[in-house]
Amino acid sequence: MDEIKDFRIFHKWKPGPTAPTLDHVTLIHANNGSGKSTLASLLNPTTSATGWNAGVTVTIEEAGNTRQVTSPDDSCWQNVVVFNHDYVENAVRIKDGTTNALLSLGPDAVQRQRDLEKAQAELETVAAALTKSKEDVDRAERALNAHAKAASDEINTSLSYPYGRGYNATNVKREIETGLDDAARKNIDEQALLSRACATQLKSLPPLPTTPLAPPVSVHAIRAVLTEVPVASHSEHTDLAPRVRDWLDTGAALHDANDPCMFCTGIVTQERLTELQRLLTHAESSLSERARRMAQQLETYDDTVQQWMSSLPRSNAGVYDDLGKKCTEALDTARISGEQLHLAITNARAALTTKAENIYATQTFEIPTADTKADTDADTDADQDGTDSEWPTLVIEPLQAIITEHNARTAAFASEKSAAADRYKLFVLGSHREQYRTAATDLAAAQEQQQTLTEESTRLKGLIGDLSGGEFDPGPGVTWLNDELRRLLGRDELQLQVLDDRNYSITRYGAKVDHLSEGEKTALALLHFLGSLDDKGRDNQNLCVVIDDPISSLDSDISFGVSAVLWGYLLGILNCRCGGTESCTCKAGKRMRVDQLILFTHNFDFFRHWSNQLDRLPPNLFNNDSGLRYVQLELRPRWRTTGTDHRRVPEWSTFGATGRPYKRPGDDGYKERTRLRSEYHFLFHRCATALKTLHAGSATANEQMDAESLLPNASRRLLEGFLAHRHPEKMGGKFRDSLKAGLPHNADNPTRVILDTYLNRYSHNEETTMGTTLHRPETPKMLAFVFDYLHRLDPHHFHGMCAALDLDPHKLLPTRTTPYSQEELAGRTLCLDNECPLTPWQDTNTERAEAISA
């Protein structure tokens, strides 16, 4: 129940954040007036239209999916059946010796009942055969899977590399018919084939990095720049031969102003010399810039060469053994060629950098070869002679050839090994094929038989659903009703018989009766309810059954019978969720006859009996999350304040430390729930818990009101139970007489008067009025008096209860600061518990008592 907007005690109600979740079996104890009957009626929308019109939200789970329901017309309510007072009123009505609901049958009910009996007997036979057929199918499937798994295991074990865990029974089932026949297998050497299939192969090597292109600047161009001397050029020299022009430019530096020219005998003016010097300065700048630009181009190219060298394989690892030496040599050759090119470029860059800084210097650079030292003189001679040489070449072809050869071998090797592995797989499949075919034939026959029986079962269920109809089925209904009524009431005076095709007759000791007691009507209604769960062919495994106070109107002497009928019919026989019987040991988990049971009761004895029954269910029922689960809850109204509105609000709580089952009876939560099943333990725990909250100063106004309204009656019942055991001779008399028998000494007369006056006054609500404010600040003091009274009479019992319920006696007994007087000690039993807070004050020596207390 997620939300109830306005219906009876529920007003703008939502469960708290810690509210427990209802389970397969939910056992709920709730006193009258706490809202339990309202919740039950809301789960039957036809009887609670007002509440649903105001607004109700319920969360349901169907087939593993959870959804919220806000409409009373939702299809889910077809699978929710509620037994409550409304059901009793509508199902059973006595008139002229008959009950209306049980007697309203169709005109052909008797013949339909005969057909129904026949169909039910046939269905029982078919169901038994179907159960056996399912077992046969399971057995045949296991045999088929075992053959397939044996083949896959053999293939996996032998060919772990090409197939591994991925080749399983499913692959075998798909490929079993491709296996080699006996004739083909006879001519194959199995071990030789397996050896080829399991040979070790090496991986293909990745391609080599892309080889850099030739350097962007030729050796010839670099040498030309390095040997070039800046000269001044002028347009008037263009008609001279180059050698004469150079001679003229060079000779310009040999003249001073006004000197005669050695060629033309003319005078060289200062203007002419200045112009020649300007041209010479421009030539110097141009030559320096070209040298610097070439150096930058070579630097960029050198980075590319370095990256290429770092991308080469670091060793010959991964190649076949016979190629290892060649691979090492090829790697060395490639690295040496790269180093030579790098060194040549480095030399050229250094020479160009120097030239850019000193353009009149003539620079040279070396181009190393495989034997750099031997060739140095030759290169120098070549430079001096004016001959030219080229950049060193990157030698990658030998290494590329080795990688190509390795990958070719690997490709052919993998193909051959794969073919051998596939051949061996077919060899193994062929050896298992005949056994697999036999198992597959057996499985097909078992599945065909199961399908036939399933269709027959479906037909019979449909027929039974058509024949059932009405409110109840008369034939087995009569037999079943009489048997269960006798078991429930513990007597057989009432008998039902089919009178005609529309009516039952009800007799008591053979005589027709006109009247049934409320207990007998409720008993008949409950049996009618349980017997009609299968009505109209409805599958009870999808039902949510809600029972509200099944013994609210019954005689107390048959309440145990009602409990036994409900337990036996709903929980007495558990079936496996796989469809098997209770003895099935699969991991699907157990289920009861219906899908969910929600049981409300105000009767603590009934609740205690069911709580004990649930906790004593075998632990193996709860080993699996899909198995049976239960929860034990309490629904209590609490005073809550919203603004100026004070009202009682129903709240959920678990019974004991937890409402859910424990796997071991020794768990603390299980022990606590076991102890709380005693009404005396339950009342002691309720009073002690409230007192601790009030003493701690943490009680809210709402909790204060709860304690003040509920605890006078609870504490009186607690004392009545204690005194009934302590002084049984006073049972049935006045409460104050029992109190006086416990504390007869005159010194205790004020305590007796206070307890008698407070508990008698407020436990009976004698002065309750609509306008009176609930305010009883003396409640903590009164509760302390109650526990002090218990401690006075029987301290051993008091401390035993505290130990059993895990309570601290220091927080329950009143504070004492002085030793007891002789008169007080005369009226109490001395406490021998050294841990008790009152023990030190039993010593009348004041100084000694205070020292002991300190």
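Predicted model: local features only at pLDDT ≥ 70, side-chain atom pairs only at ≥ 80, totals over all residues.
The protein has 854 residues, and buried residues account for 42% of them. Its secondary structure comprises 27 helices and 17 strands. Contacts in the protein reach well along the chain: of those between residues at least 6 apart in sequence, 71% join residues at least 24 apart.

Side chains of opposite charge can pair when their charged atoms come close. Searching the whole structure gives 23 salt bridges. One of them joins Arg437 to Glu177, with an N to O distance of 2.6 Å. Arg437 belongs to helix 14 (residues 397-468), while Glu177 sits in the loop between helix 6 (169-175) and helix 7 (182-186), so this pair ties together parts of the protein that are 260 residues apart in sequence. Both partners are partly exposed: the relative accessibility is 34% for Arg437 and 45% for Glu177.

Arg437 has a further partner in Glu434, and here the closest N and O atoms are 3.2 Å apart. This second pairing stays within helix 14, where Arg437 and Glu434 are three residues apart and therefore separated by about one helical turn.

Another salt bridge links the side chains of Glu493 and Arg491, at 2.8 Å from N to O. The two partners fall into separate accessibility classes, because Glu493 has a relative accessible area of 11%, which is under the 20% limit for a buried residue, whereas Arg491, at 29%, is partly exposed. Elsewhere, salt bridges with shared partners bring Lys36, Asp548 and Asp549 into one network.

Attention now moves to a pair of helices. Helix 17 (residues 559-571) and helix 18 (residues 604-615) have axes that come within 11 Å and cross at roughly 35 degrees. Their crossing is right-handed. On the side of helix 17, the contact involves Ser559, Phe560, Ser563, Leu566, Trp567 and Leu571, and these meet Phe606, His609, Trp610, Gln613 and Leu614 of helix 18. By residue class, this contact consists of seven nonpolar and four polar residues, with no charged ones.

What surrounds His406 beyond its neighbours within four places in sequence? With a relative accessible area of 0%, His406 is buried. Its contacts, leaving aside those sequence neighbours, are Leu202, Lys203, Ser204, Leu205, Gly318, Val319, Tyr320 and Leu323. Gly318 also provides a backbone oxygen that the side chain of His406 reaches at 3.3 Å.

After helix 25 comes Asp806, which has a positive phi, near 55 degrees.

Note on methods:
Residues numbered from 1 in each chain as written. Heavy atoms only, no water. Salt bridge = Lys/Arg side-chain N within 4 Å of Asp/Glu carboxyl O. Helix = DSSP H or I, 4+ residues; strand = E, 2+ residues; numbered from the N terminus. Buried < 20%, exposed > 50% of the residue type's maximum accessible area, 1.4 Å probe, protein only. Axes fitted to C-alpha atoms, helices over the stretch in contact; angles between N-to-C directions. Left-handed = near helix turned anticlockwise from the far one by under 90°. Contact = heavy atoms within 4.5 Å. Nonpolar A, V, L, I, M, F, W, Y, C, P; charged D, E, K, R; others polar. Polar contact = N/O pair within 3.5 Å; in protein donor to acceptor, adjacent residues only side chain to side chain.
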